[in-house]
Amino acid sequence: MSNLNLFDLIPKIRYTVELPVSKKEIEVEPYKHGNVRSILLLMQDFKQRKQGHMKKALQSMQKIVEDCILPDAKGDKIDVKKLHIADFVYVMNYIKAISNGEESSFFFRCDTENCKQEKKIDFVLDDCEVKNLENKDIDKIEIEFENQDNIFLHLKPFTFQIYIDNARFFGQEFIEGNEATRYYASFIDAIEGKGQIFDNMKKDNIVKFLDALYECDLKKLIDYINNVPMLVWEKKYECEKCGKINHIKLEHPTDFFV
Ligand SMILES: [Zn+2]
């Protein structure tokens, strides 16, 4: 028996990645064999039926990313749930790339009704862009009233935590009104008006407050949510069978996960 730890036989491969929204640098390592099990589970889930499986799929993804992020020099590890959703999607795909080789590819079917020709498309992470990056520091929305004090909605950034908390909402084809308001409410950190700040509010109370706003005022919050920074990947290609120019766009976080 030697004093060598068995696991010391496996070298640590580290990569430094800069997160596109927070600009923070973190160190990651590729997946290990043990991680791959959760990836397989996740893929199975997604293929079976997207609906209702979203939360489980997101939890597996969170676990994979957590396992592959290495502690910093002080030994601290980043809280994956607090990552901006665009940073999460980026690091998730970065880990995928260093684990499976630089390029990953997927099959896309031609849009033309009677064609549906399959084409292998290479996905390169470096070709992604972060849209709406200029909005990353918005932390307040002002709702103006005539003859009365304005209200300020203090906002939370769109973190992976918010995304996973609303997994049900993203996994559904039909969204009920109240569910949409609950989703909007997850972005509210505090409400300020008449010199007072209401923080630590229960979600139900935020929902009631949002329901009481005029539609045109609530729209300001919805616009904020719809224009948060997001990772986007676009590609055009000509179908070799029918000549149609197909336009592929990955923009919703889940578009990047399969
Ligand atoms: Zn075609």
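The protein chain contains eight helices and 11 strands, where helices (H or I, at least four residues) and strands (E, at least two) are DSSP runs numbered from the N terminus. The model is a predicted one, in which local features need pLDDT of at least 70 and side-chain atom pairs count only at pLDDT 80 or more, while totals for chains, interfaces and linings use all residues. Residue numbers start from 1 along each chain as its sequence is written. Along the principal axes, the C-alpha atoms of the protein chain fill a box of roughly 75 × 65 × 30 Å. Of its 258 residues, 19% count as buried; a residue is buried if 20 or more other C-beta atoms lie within 10 Å of its own, exposed if 12 or fewer, and partly exposed in between, with C-beta atoms placed from the backbone. Two residues are in contact if their C-beta atoms, placed from the backbone, lie within 7 Å. Among contacts between residues at least 6 apart in sequence, 65% join residues at least 24 apart.

The domain assignment divides the protein chain into domain 1 (8-130 + 230-256) and domain 2 (139-226), with bounds that come from an automatic or database domain assignment. The centres of domain 1 and domain 2, taken over C-alpha atoms, are separated by 29 Å. Their contact takes 17 residues from domain 1 and 13 residues from domain 2. On the side of domain 1 that touches domain 2, α2 (54-68) and α3 (85-100) each supply at least two residues, and α2 gives the most, with four residues. By class, that side of domain 1 has seven nonpolar, six polar and four charged residues. Here Ala, Val, Leu, Ile, Met, Phe, Trp, Tyr, Cys and Pro count as nonpolar, Asp, Glu, Lys and Arg as charged, and the others, Gly among them, as polar.

Leaving aside neighbours within four places in sequence, M92 is in contact with M61 and V65.

Four strands form an open sheet with antiparallel pairing, in the order β6-β7-β8-β9; two strands pair if DSSP finds at least two bridges between them. At the edges are β6 (140-145) and β9 (196-199), each of which pairs on one side only. β6 and β7 (residues 148-155) run antiparallel and are joined by five bridges, with I141 standing opposite L153 in β7. Helix α8 (residues 215-226) lies across β6 and β7, running at about 160 degrees to β6; axes are lines fitted to C-alpha atoms, for helices over the stretch in contact, and angles run from 0 to 180 degrees between N-to-C directions.

The loop between β8 (188-193) and β9 holds G195. G195 counts as exposed because it has 6 C-beta neighbours inside 10 Å. G195 and N150 are 45 residues apart in sequence and 9.9 Å apart in space, C-alpha to C-alpha.
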